[in-house]
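Trainee: Could you help me learn to read helix packing, cores and salt bridges in a model?
Mentor: Gladly; let us look at it together.

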Amino acid sequence: MKRPGIIAIIILVIILLFGIGSVVRSYNRLVSLDQNVESQWAQVENTYQRRADLVPNLVATVRGAAAHERETLEAVTEARAAVGRLNVGDAFEDPEALARFQAAQGQLSSALTRLLAVAEAYPQLRANENFLALQSQLEGTENRITVERMRFNEAAREFNTVRSSFPTVLFANMFGDRFAQKHYFEAELGAAEAPVVDFGPES
């Protein structure tokens, strides 16, 4: 074989190897970023679950001092039950499932805010160590929820950016749902804020 032909073959082999290497690196990068998104989503779910776990004790404590606040207590209990019935899987890959998740969690946030506001009218609650501890844990959990949502959005944004870049997008589409675009966590206005009650001095 003539020298020019050998050189051409070598060049083609180099190009082929470079292309294969590029595909492998891109695939591995997407896998890593995809795993990171799933990990961050699990953290979001864990913090929401921690909040839900606080609700029964909080409701029981308030009921002990304000039993006639039945409507508010029932609203919290029903919202917590609705959250417990959620089965959204990897909601970040399904915008409708993510919307249901956010709506249910938003309702629980609103119900808890109303419940804590009710406590302002009950001095015995404001002096109840168990209630104050639960209220502090709830506020801390709400703050963690905000942080984990932010971290999830960052992970999803990084994945989407890499996935949409050239030439990664060319073969990412070949895998179908394996590397689907991730949807961001967009909380309703005020939902990301921890419910805060001002336990000021009694009048």
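Predicted model: local features only at pLDDT ≥ 70, side-chain atom pairs only at ≥ 80, totals over all residues.

Trainee: At what angle do helix H3 and helix H5 pack?
Mentor: Two packed helices are described by the angle between their axes and the distance between the axes. Here H3 (residues 95–118) and H5 (residues 129–164) pack at about 145°, with axes 13 Å apart. Helices are DSSP runs (H or I, at least four residues), numbered from the N terminus; axes are lines fitted to C-alpha atoms over the stretch in contact, and angles run from 0 to 180 degrees between N-to-C directions.

Trainee: Which residues have the most contacts inside the largest nonpolar core?
Mentor: In soluble globular proteins, nonpolar side chains tend to be buried together. This core has 23 residues, and Leu58, Val62, Val76, Leu112, Leu115 and Phe131 have the most contacts inside it. Its largest share, seven residues, comes from H3. A nonpolar core is a set of buried Ala, Val, Leu, Ile, Met, Phe, Trp, Tyr and Cys residues joined through side-chain atoms within 4.5 Å; buried means under 20% relative accessible area, exposed over 50%, partly exposed in between (1.4 Å probe, protein chains only).

Trainee: Which side chain meets aspartate 34 in a salt bridge?
Mentor: Side chains of opposite charge can pair when their charged atoms come close. Arginine 178 is the partner, at 3.3 Å, N to O; a salt bridge is a side-chain nitrogen of Lys or Arg within 4 Å of a carboxyl oxygen of Asp or Glu. Aspartate 34 is buried at 3% relative accessibility, while arginine 178 is partly exposed at 32%.

Note on methods. Residues numbered from 1 in each chain as written. Heavy atoms only, no water. Helix = DSSP H or I, 4+ residues; strand = E, 2+ residues; numbered from the N terminus.
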